[in-house]
Structure formats: C-alpha cells, structure tokens
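User: Please take me through this model in short questions and answers. Keep each answer brisk.
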Amino acid sequence: MTSNVLKIATACLLDETGRILIVRKRGTRMFMLPGGKIEAEETPLQALRRELREELNLGIDASQLRSLGHFQARAANEPDHWVQADVFFAHLKGKVRAQAEIEVLDWFEVQAQHQEHLAPLLREQVLPALIQRLAEKDTENTIRC
C-alpha cells in the first residue's frame with residue numbers, strides 16, 4: 001500500500017426492505033456509502049455523525065450505530081490513494097435528502113449482481129461483510145428520522 005491513505009468513517013444505512021443507502025458526490029462517477037474523512041481531533045464515530053449531518057441532514061445518536069468493522073481498499077475518486085475505513089451500520093426509517101457535496105442518492109439491493117458503479121471499498125470489502133452480518137440477524141438497531 002502507498003503512503004497516500006485516507007482515513008474515513010462510513011455507514012451502511014438500511015431501509016425497511018434491506019437496501020442500503022448509497023451516494024455519489026458531485027463531480028464523481030462511483031457510488032459509495034455516506035460518510036467521509038476523519039479529522040485529526042475526531043473519533044471515527046464522531047466523524048461519521050458529523051458527515052451524516054452535513055451530507056444528509058441526518059442526526060444520529062452514537063448508540064444507534066453498530067460497528068461492521070475496519071476495511072481498506074483503493075480509493076474510488078482519488079488516484080494512487082487507499083482508504084482505511086471504519087464502517088458502521090443501522091436501520092434507517094424515514095426520508096433522507098442529498099445536500100452539501102452529495103449529488104445523487106439511491107437505494108441498492110445488497111445481493112444485486114450489477115456492482116460496477118460501486119466504489120471498490122463497498123464492492124470488495126463492505127458488501128461481503130454486511131451480507132454475512134445480516135445473515136447473523138444482528139440488526140436490531142433502528143434510526144428514526
């Protein structure tokens with residue numbers, strides 16, 4: 001791995017049908033999970049909560065998010081960079097809307113075969129881990145918006 005590493009925190013937010021929320025930032029072509037870079041003074045959970053507020057106007061209490069794990073992969077939108085991600089998950093009830101740098105949001109079927117439009121981190125690391133976790137029926141937390 002190169003020394004160009006971005007530390008990020010992201011969330012798998014699932015709707016009532018089990019789809020996950022994916023977002024595409026303005027000026028990019030790959031869809032990814034909502035979240036973003038961890039600032040120097042922040043924990044991953046603090047960074048995620050800040051990013052969800054900025055990107056989706058979503059206020060989430062830390063107790064509503066469960067850790068899915070720590071993953072790394074090639075960065076989707078930054079050549080010669082890698083991401084190291086702390087990934088969380090929860091169920092989401094209610095509507096969200098794109099704001100700030102988010103241009104598009106969509107709901108993605110976790111088991112979908114068509115994944116070329118997804119960021120490497122999501123496609124290669126997070127989806128397999130999420131599918132395994134969902135199979136364990138460990139998703140009792142719900143976020144209400």
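Analyst: Buried means under 20% relative accessible area, exposed means over 50%, and partly exposed lies in between. Note that this is a predicted model.

User: With those cut-offs, is Ala100 buried, exposed or partly exposed?
Analyst: Ala100 sits in the loop between strand 5 and strand 6. Its relative accessibility is 42%. Because that value falls between the 20% and 50% cut-offs, Ala100 counts as partly exposed.

User: What is the phi of Ala100?
Analyst: Ala100 is not a glycine, yet its phi is positive. The value is about 55 degrees.

User: Where is Asp80 found, and is Asp80 buried or exposed?
Analyst: Asp80 lies in the loop between strand 4 (66–74) and strand 5. Its phi is also positive, near 60 degrees, in a residue other than glycine. Relative accessibility is 63%. The cut-off is over 50%, so Asp80 counts as exposed.

User: What span should helix 1 have, and how far apart are its end C-alpha atoms?
Analyst: Helix 1 covers residues 44–56, which makes 13 residues. At 1.5 Å a residue, the span should be 18 Å. The model agrees, because the end C-alpha atoms are apart by 17 Å.

User: Which residues of helix 1 are buried, and where do they sit around the axis?
Analyst: The buried residues are Ala47, Leu48, Glu51, Leu52, Glu55 and Leu56. They cover an arc of only 130 degrees around the axis, so they lie on the same side of helix 1.

User: What covers the buried residues of helix 1?
Analyst: Strands contribute to the cover. Those included are strand 1, strand 2 (20–25), strand 3, strand 5 (82–93) and strand 6 (102–108).

User: Which residue follows helix 1, and what is its phi?
Analyst: Asn57 follows helix 1. The phi of Asn57 is positive, near 55 degrees.

User: What is the volume of the largest pocket?
Analyst: Rolling a probe the size of a water molecule over the atoms shows where empty space is left. For the largest pocket, the volume is about 430 Å³.

User: How many residues line the largest pocket, and which are closest to its centre?
Analyst: The lining holds 21 residues. Strand 1 (5–14), strand 3 (35–37) and helix 2 (120–135) are the elements that give two or more residues to it. Closest to the centre are Ile8, Lys25, Met32, Asn77 and Val83.

User: Is Phe71 buried or exposed, and what is it in contact with?
Analyst: Phe71 is in strand 4. Its relative accessible area is 11%, so Phe71 is buried. Phe71 and Val87 are 16 residues apart in sequence and 7.5 Å apart in space, C-alpha to C-alpha. Leaving aside neighbours within four places in sequence, the contacts of Phe71 are Val83, Gln84, Ala85, Val87, Leu121, Gln125, Val126 and Ala129.

User: How far apart in space are Ala129 and Gly69?
Analyst: Ala129 is in helix 2. Beyond neighbours within four places in sequence, Ala129 is in contact with Leu68 and Phe71. Ala129 and Gly69 are 60 residues apart in sequence. C-alpha to C-alpha, they are apart in space by 8.2 Å.

User: Which residues does Ile131 contact, leaving aside neighbours within four places in sequence?
Analyst: Ile131 is in helix 2. At 29% relative accessibility, Ile131 counts as partly exposed. Ile131 and Val110 are 21 residues apart in sequence and 7.1 Å apart in space, C-alpha to C-alpha. The contacts of Ile131 are Val110 and Gln111.

Note on methods
Residues numbered from 1 in each chain as written. Predicted model: local features only at pLDDT ≥ 70, side-chain atom pairs only at ≥ 80, totals over all residues. Heavy atoms only, no water. 1 Å grid on protein atoms, 1.4 Å probe; cavity = no way out; pocket = protein on both sides within 12 Å on 5 of 7 lines; lining within 4 Å. Points joined across faces, edges and corners; volume = space filled by probe spheres on them. Helix = DSSP H or I, 4+ residues; strand = E, 2+ residues; numbered from the N terminus. Expected span 1.5 Å × (residues − 1). Buried < 20%, exposed > 50% of the residue type's maximum accessible area, 1.4 Å probe, protein only. Arc of directions from axis to C-beta. Contact = heavy atoms within 4.5 Å.
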